[in-house]
Amino acid sequence: MITFIRTLGVRALQIALVAFFVTVGTNILVRLVPGDPAQTILGERASPAALAALRQELGLEAPLLQQIASALGKLVQGDLGTSFAHRGQDVTSLIGPALAVTGSLAAVAILFSIVGGVTVGLWIALVRGPGADLAGRLVITVLLALPSFMAGLILLYALSLRLGLAPAGGWAGTWPANAQYIWLPALALAMYLGSLIARTVRQAALDTLGQPFIEAARTRGVPRSRIVLCHVLPNAVLPVIPLVGFNAGILVGGAVTVEAVFALPGLGAQLLQSMSTRDLPVVQGIALVTAVAIVVFNLLADAVNIAADPRLRRSH
Amino acid sequence: MAAVAELPGSVSVRPQIRPRRLELRVGIGLVLAVVLACVLIPILNSTDPNALVGSPLQPPSSKHPFGTDTVGRDVFVRVFHAGRLDIVLAALGVLVPLVSGTVIGTLVGASRSRAVDAIAMRVTDALIAFPFTILVLVIVLVIGADTQIPPLPAGAPSILAAVWLVNWTIYARLARARTHVIRQEDFVAATRLLGFSRVRILTRHLLPSVWPTTATYAVSDALLLVSLIAALPFLGAGIQPPTAEWGNIMYEGRGVLSQAWWISLSTAGVVLVFGTGVMMVVDSLVSNPRRARLS
C-alpha cells in the first residue's frame with residue numbers, strides 16, 4: 001500500500017513538472033515562429049495603431065518571462081488562454097471537442113488491441129507446431145513494420161471502398177452514431193499496439209508454460225482449459241498493462257495521422273488549422289493536453305498494474 | 001589495454017547479441033532489395049519523375065508497372081526516386097542523434113555528480129513526455145516547411161533539424177543506463193586502478209561497450225523515422241510536392257483512392273517490404289523486444 005501511494009505521488013509530481021516544462025517550452029518555442037499574430041489576425045492592410053493595440057490586448061508586448069508567469073498562473077486555474085484566430089473564444093472550448101474525438105479513437109483502439117492481441121498471442125503460444133508459430137511471428141513482424149496511417153489506407157480501401165463495411169471517413173458527432181465511423185480507424189490504429197501485445201503475450205505464455213507449477217497442475221490431472229484460463233492467462237496478461245502505458249505517446253502520434261486519413265475532426269486537424277493561422281495559444285494548449293494526457297495515462301497504467309499484481313504490493 | 005584483456009576470468013561485457021540467422025539474412029535481403037531498386041531503377045529508367053508520360057490515372061500495365069498518378073506521371077519511377085530521398089533522410093536523421101546521444105548519455109552515466117544526472121534526466125523527461133509526432137510537427141512549422149538548403153529538397157531541412165533536436169534524448173537514456181551497468185564491471189575498476197585518464201577510460205573502455213546497445217536501437221529508429229517522414233504530408237508538413245517522397249505520393253493517392261488504388265497502395269507495398277526487412281533485422285538483433293527501448 002505504501003508503494004502504491006508513493007508511486008502515485010511520484011506520478012502526480014511528474015504531471016506538475018511536465019505541465020511546467022511544456023508551458024515554458026512552448027512559450028519560448030512559439031516566440032520563434034516567424035510572423036506576427038496581430039498581423040495575421042488583422043490582415044495585410046491593418047494600420048500600425050490597430051496592430052499595436054491588438055498586440056497589447058493579446059499580451060504580446062510583455063517581456064517573455066512575464067508572459068510565461070501569467071500563462072502558468074492561468075494554467076493553475078485551468079485556463080489555457082483565449083484563441084488568437086477565433087477572437088474571444090476559449091482555447092479549452094476549441095480543444096475540448098477535438099480531444100474527445102482523439103480520446104475516443106485511442107480508447108477504442110486500446111480496447112481492440114488488448115482483446116485482439118491477447119487472443120492472438122495466447123493462440124500462437126498454445127498451438128503446437130513450428131508452422132503456426134512461424135506464420136504468427138511473421139504476421140506480427142509485418143504488422144509492426146506497418147505505420148498506422150498506411151494500415152489506415154489499406155483498411156480504408158479494402159473494407160470501406162471495396163466491401164462497403166464502413167463509411168469512407170467523416171464523423172457523426174453524436175453517440176452511438178459515431179460507432180460506425182470510429183471502428184475502422186480504431187482498427188487501423190490497433191494494428192501496431194495489437195501486434196506488440198500479441199508478441200509479448202506469446203512470450204509470457206511460453207515462459208509460464210515452462211514453469212514447474214504448470215507441470216504440477218498437469219500431473220495432478222487439471223484439465224487443459226483450466227490450466228490455460230486460470231494459470232497461463234493471468235500471467236501472460238500482466239506485462240500488457242505497462243506495455244500499453246509505455247506506448248501511449250506512439251499511440252497519440254499514430255491517432256493524429258489516422259485521423260487525417262479518415263477525415264476525423266480530432267486534435268490533428270485542430271493542430272494543423274491553428275498552425276496555419278498562427279493561433280499560438282491553441283497550439284500550446286494541444287501540446288500541453290497531449291503531454292499531460294500521456295503522463296496521466298501512465299499513472300493509470302501504474303495503478304492498474306499494482307492493483308492487478310499482488311507481488312508489487314508486497315515488495316519493498 | 002592488452003594486459004587488461006588477458007586477465008584471467010575476464011568476460012566480454014558487450015551485450016550478448018545472438019542473431020537468429022535466418023531472420024537476419026531474410027531481413028537484410030529485403031532491405032537490400034529495396035535499396036538496390038532505389039539506386040538502380042532511376043539509373044536504368046531515365047524517365048524524369050516529374051515527366052508526364054501518359055493520361056492520368058492509368059491502371060498498372062507492363063509499360064507503367066504501378067500505373068500513372070493524377071496528372072499522368074509514372075508512379076513506379078516516382079516511388080523509387082522517392083525511396084532514395086526517404087532512405088537518405090532516415091539515415092541522416094538517425095546518425096546524428098546516435099552519435100550525439102551516445103556521447104552525452106555515456107558522459108552523464110560516467111559522471112559522479114548527482115546534479116548533472118538529475119538535470120540531464122529532467123531535460124530528457126520533458127522531451128520524451130511529448131508525443132514525438134506532435135513535437136516534430138510543431139518544430140517543423142516553427143522552422144518553416146519550405147526552408148531550403150540546396151542539395152536537400154524543400155521541407156527536408158526542417159524535418160532533419162526537428163529530429164536532431166529531439167531524438168538524441170532516447171539514445172542518451174539508453175547510453176546512460178548501459179554506462180551505469182558497465183561501470184560496475186571489474187575491468188572499469190581495473191582501468192581506474194591502472195591510473196588511466198578519464199578521457200582514455202571513456203573513449204577506449206566505456207564507449208566501445210555502450211555503442212552496440214544504441215546502434216541496435218538506431219536500426220529500429222530508422223524505421224520509425226521513415227514512418228514519421230511519410231506521415232508528415234498527411235498533417236500538412238513534410239517534403240513539399242512536386243518532389244517525389246513516399247508520404248506525399250500516398251497522400252496524393254488518398255484523394256483518389258476509390259478510382260486509383262495503385263498510387264497509394266503500390267507505394268505502401270514498397271514501404272512495407274522495406275519496413276518488414278528492417279523489423280526482421282531488429283528482431284534478430286534483440287530477442288527481447290523491450291530491451292531495445294529506454295529503461
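The following dialogue examines how the terms applied to this predicted two-chain model rest on its computed values.

Visitor: Why is A:S195 called buried?

Guide: A residue is buried if 20 or more other C-beta atoms lie within 10 Å of its own, exposed if 12 or fewer, and partly exposed in between, with C-beta atoms placed from the backbone. A:S195 has 24 other C-beta atoms within 10 Å and is therefore buried. By this criterion, buried residues make up 39% of the 316 residues in chain A, and 46% of the 295 residues of chain B.

Visitor: Where is A:S195 placed, and which residues are in contact with A:S195?

Guide: A:S195 belongs to helix α8 of chain A. Two residues are in contact if their C-beta atoms, placed from the backbone, lie within 7 Å. Leaving aside neighbours within four places in sequence, the contacts of A:S195 are A:G117, A:I140, A:L143 and A:L144. The C-alpha atoms of A:S195 and A:G117 are separated by 6.0 Å, although these residues are 78 apart along the chain.

Visitor: What share of the contacts in each chain joins residues at least 24 apart?

Guide: In chain A, such pairs account for 76% of the contacts with a separation of 6 or more. In chain B, the share is 70% of contacts between residues at least 6 apart.

Visitor: What describes the packing of α5(A) with α8(A)?

Guide: Two packed helices are described by the angle between their axes and the distance between the axes. Axes are lines fitted to C-alpha atoms, for helices over the stretch in contact, and angles run from 0 to 180 degrees between N-to-C directions. Helix α5 (residues 91-126) and helix α8 (residues 179-209) of chain A pack at about 35°, with axes 5 Å apart. Their contact comprises 24 nonpolar, 8 polar and 2 charged residues; Ala, Val, Leu, Ile, Met, Phe, Trp, Tyr, Cys and Pro count as nonpolar, Asp, Glu, Lys and Arg as charged, and the others, Gly among them, as polar.

Visitor: What makes α7(A) oblique to α10(B)?

Guide: Angles under 35 degrees count as roughly parallel, over 145 as roughly antiparallel, 65 to 115 as roughly perpendicular and the rest as oblique. Helices α7(A) and α10(B) (residues 261-285) pack at about 135°, with axes 10 Å apart. The angle therefore makes α7(A) oblique to α10(B). In this contact, A:M150, A:L153, A:I154 and A:Y157 of α7(A) meet B:W261, B:S264, B:L265, B:A268 and B:V271 of α10(B). By class there are 8 nonpolar, 1 polar and no charged residues.

Visitor: How many residues of chain A are in contact with chain B?

Guide: 38 residues of chain A are in contact with 36 residues of chain B. On the chain A side, helices supplying at least two residues each include α1 (2-31), α7 (148-162) and α14 (280-308). That side has 30 nonpolar, 7 polar and 1 charged residues.

Visitor: What confidence does the predictor give the complex and chain B?

Guide: The complex has an ipTM of 0.81 and a pTM of 0.83. Since pLDDT is the predictor's confidence in each residue, from 0 to 100, chain B can be read on that scale: its mean is 83, and 88% of its residues reach 70 or more. Within chain B, confidence is lowest in helix α1 (residues 2-5), at a mean of 42, and highest in helix α3 (residues 75-110), at 93. The pLDDT is below 50 over residues 1-19 of chain B, and stays under 50 over residues 288-295 of chain B.

Notes. Residues numbered from 1 in each chain as written. Chains lettered and ligands numbered in written order. Predicted model: local features only at pLDDT ≥ 70, side-chain atom pairs only at ≥ 80, totals over all residues. Helix = DSSP H or I, 4+ residues; strand = E, 2+ residues; numbered from the N terminus.
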